[in-house]
Each structure stands twice: as structure tokens, then as C-alpha cells.
Amino acid sequence: LLLLVDAKLAAWLAPDAEVEFRDKELIPGSPEEEHRVVDLLAAIQGPGGKCVFLVHVEIERKAPKDIGPRLWDYSIRLRGHHSEPLVSLVVFLRGGPPGVLWQTHVEETAGLEVNRFRYLSFGLSKLPAEQLLARPEPLAWGLAALAKPGALGRARLKFEALRRIAGAQVSEHQRFLLLNCVETYLPLKGRDAEEYASLAAAQKSPETRAMQMTWADRIEAKGVKKGLKEGVEEGIKEGIAKGREEGRGEGADRLRRTVVRLLGQRFGRVPLPLQKRLAEIRSLDELSAIADRILEVQSFEELGLGG
């Protein structure tokens with residue numbers, strides 16, 4: 001994200017350093033104050049692993065008028081608990097000025113300027129999508145789903161974003177998150193969906209197709225568990241208790257089939273001992289946890305199921 005918003009700040013990030021995520025809670029100054037939690041607070045490490053500055057990020061669906069004073073307030077509170085220099089960044093999913101800008105909030109008293117606070121804003125919805133697709137950072141390709149399609153059109157934009165994500169040098173977990181961003185913020189209907197299908201068929205991109213299938217299966221696995229849980233919680237009449245239990249069994253079988261299918265797509269044929277081990281698992285929570293890990297592990301063995 002730093003590479004997208006300010007190259008000079010990103011230059012401080014050591015290539016081999018890990019980003020440390022700090023506690024996001026803002027401690028109230030008094031019992032009467034509202035409890036608040038910031039969206040993200042990260043410590044940027046420089047050479048030698050020493051923290052050189054903090055980055056506070058807020059994600060906003062729209063561009064509120066009070067964002068400057070709010071970020072200023074957050075900055076004061078955060079500096080009360082952290083000694084490192086702090087950079088504040090707000091990402092606007094909708095509205096706000098397009099692209100990256102340094103903004104200024106000025107505090108005045110009796111017509112006099114008493115404080116000046118600078119922060120970065122990153123507006124996506126009015127930013128031409130081509131600018132993000134042209135960037136080398138995979139995150140930019142995922143965020144392009146929120147940008148202005150322009151001459152590309154929605155179908156071409158989605159196709160180009162997914163094509164880049166499919167070939168990105170990232171972990172499978174990161175790839176899934178980028179894909180999820182595109183699928184969530186750039187759904188297609190009607191002619192757009194037909195155009196996308198034509199583009200995908202003409203290009204014959206097996207990587208993109210397999211990636212979307214994996215995303216769909218994983219969402220399905222989560223949906224099975226969520227739907228069954230809601231069905232159980234909403235059940236009131238004692239007479240449907242038995243049917244509810246049967247529904248859970250069917251749900252476990254369906255979720256298990258999804259897990260096997262995901263494993264097959266990820267690693268190839270699922271060994272028979274592993275299939276037997278999965279057949280012994282009746283817990284929806286345990287099966288769902290396995291489904292969540294499939295894109296993160298690199299082999300059957302890393303699942304730790306003895307397959």
C-alpha cells in the first residue's frame with residue numbers, strides 16, 4: 001500500500017523486514033469518552049529491524065466531511081501511546097478526490113492558525129482503472145475493481161484485473177484476498193457478464209478460470225456453515241429438532257465434498273487415507289477450518305490430517 005501512495009515513504013521499508021501490526025485500540029482518556037478502535041496501525045521497519053515510523057490507515061466507504069478532524073484526533077491519541085512518527089492515511093472506496101493527495105487539516109482559534117495536520121488520502125472510485133492496472137504491485141490490480149472503468153468497460157476491467165492476479169508472484173492466501181476484492185466490488189450482470197464470458201472464452205486462460213473456481217468453492221464452504229448455523233439458531237419449535245439435526249449431517253457431507261474438491265484442484269488426486277480421515281470428521285467447524293486453510297498450505301501433509 002505504501003508503494004501505491006508514496007514512494008518516498010515506501011523507500012524506508014527494508015526489503016527483508018516484516019511489518020509489525022500494533023494494537024488498534026484507542027484508550028479513552030476518561031470513563032465518559034467513547035471507546036474507539038482504528039482500522040489498522042502498522043510499524044514500518046527500516047534497516048536493522050528498527051521501527052522508523054507508524055502508519056495509521058482508515059478505510060471509508062464514502063468521504064465524510066469530518067475526516068480531517070477525526071484523523072487529527074486519532075493522531076493525538078495514538079501519539080500518546082507510541083513514540084514513533086506517525087503517518088495517517090485514509091482510503092476512500094467511494095467519493096473523495098481521485099488518486100493520492102497530501103491533505104491538510106488546520107486548527108484555528110480566534111482567526112489564528114494554531115495547528116496544522118497533514119494526512120494522505122487515496123480516492124479510488126474516480127481514479128481511472130488503467131492507472132492501477134499499469135502498476136506493478138498486485139494490490140493495485142485488486143483495487144482496480146473499485147476504480148473508474150472508463151473506456152475499458154466493466155467486463156474488460158474485471159478480465160484484465162483477474163488475469164494479472166492469476167499470474168502474480170504472491171502467496172495463495174494473498175491471491176485469494178485480491179480475487180475476493182475483485183469479485184466483491186466488480187460483480188457483472190446482463191451484457192457485462194456476457195462480454196466477460198466472451199473475453200474469457202477467447203483468451204482461454206486456465207489460470208483465471210481455476211482461480212475463480214477455487215474462490216467460488218471456498219465461498220460455498222463458508223456459506224454452508226453459515227446457513228446451517230442460522231437455521232439452527234432460528235429453529236424454535238421442538239418438532240423440527242430432528243430435521244435440524246439431519247440438516248447438519250447433510251451440510252457436513254456437502255462441506256466435506258467441497259473440501260475434497262478444493263484439495264483436488266489445489267494438489268491433484270486426494271490420497272485414499274486422507275479421504276477416509278475426512279469422512280470421519282463430523283464437525284462443521286472442523287471441516288470449515290480445513291477449507292479455510294487449503295489456500296494457505298503447500299501440501300496435503302501440511303494439513304496435519306495424516307493423509
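Author: Buried means under 20% relative accessible area. The model discussed here is a predicted one.

Reader: Why is arginine 22 called buried?

Author: Arginine 22 has a relative accessible area of 18%. The cut-off is under 20%, so arginine 22 counts as buried.

Reader: What makes the contact of arginine 22 and glutamate 84 a salt bridge?

Author: The criterion is a side-chain nitrogen of Lys or Arg within 4 Å of a carboxyl oxygen of Asp or Glu. For arginine 22 and glutamate 84 the N to O distance is 3.1 Å, and the pair therefore meets the criterion. Glutamate 84 is buried, because its relative accessible area is 15%.

Reader: How do you know that glutamate 183 and lysine 158 tie together separate parts of the sequence?

Author: The closest N and O atoms of glutamate 183 and lysine 158 are 3.1 Å apart, in a salt bridge. Glutamate 183 belongs to helix α7 and lysine 158 to helix α6, so the pair joins parts 25 residues apart in sequence. Glutamate 183 has a relative accessible area of 14% and is therefore buried; lysine 158, at 7%, is buried as well.

Reader: Why is glutamate 172 called partly exposed?

Author: Partly exposed lies between the buried limit of 20% and the exposed limit of 50%. Glutamate 172 has 25% relative accessibility, so it counts as partly exposed. Its salt-bridge partner is arginine 175, at 3.2 Å from N to O. Arginine 175 has a relative accessible area of 11% and is therefore buried. Both residues lie in helix α7, three residues apart, about one turn of the helix.

Reader: How do you know that the span of helix α6 is close to the one expected?

Author: The expected span is 1.5 Å times one less than the number of residues. Helix α6 has 14 residues, for which 20 Å is expected, and reaches 20 Å from its first C-alpha to its last. The buried residues of α6 include Leu157, Phe159 and Ile165.

Reader: What makes β6 and β8 paired strands?

Author: Pairing requires at least two bridges between two strands. Four bridges join β6 to β8, which run parallel; the strands therefore pair.

Reader: Which strands stand at the edges of the sheet, and why?

Author: The open sheet has the order β1-β4-β5-β6-β8-β7, with mixed pairing. β1 and β7 stand at the edges because each has a single partner strand, so one side of each is left without a neighbour in the sheet.

Note on methods:
Residues are numbered from 1 along each chain as its sequence is written. This is a predicted model: local features need pLDDT of at least 70, side-chain atom pairs count only at pLDDT 80 or more; totals for chains, interfaces and linings use all residues. Side-chain values use heavy atoms; hydrogens and water are left out. Helices (H or I, at least four residues) and strands (E, at least two) are DSSP runs, numbered from the N terminus. Buried means under 20% relative accessible area, exposed over 50%, partly exposed in between (1.4 Å probe, protein chains only).
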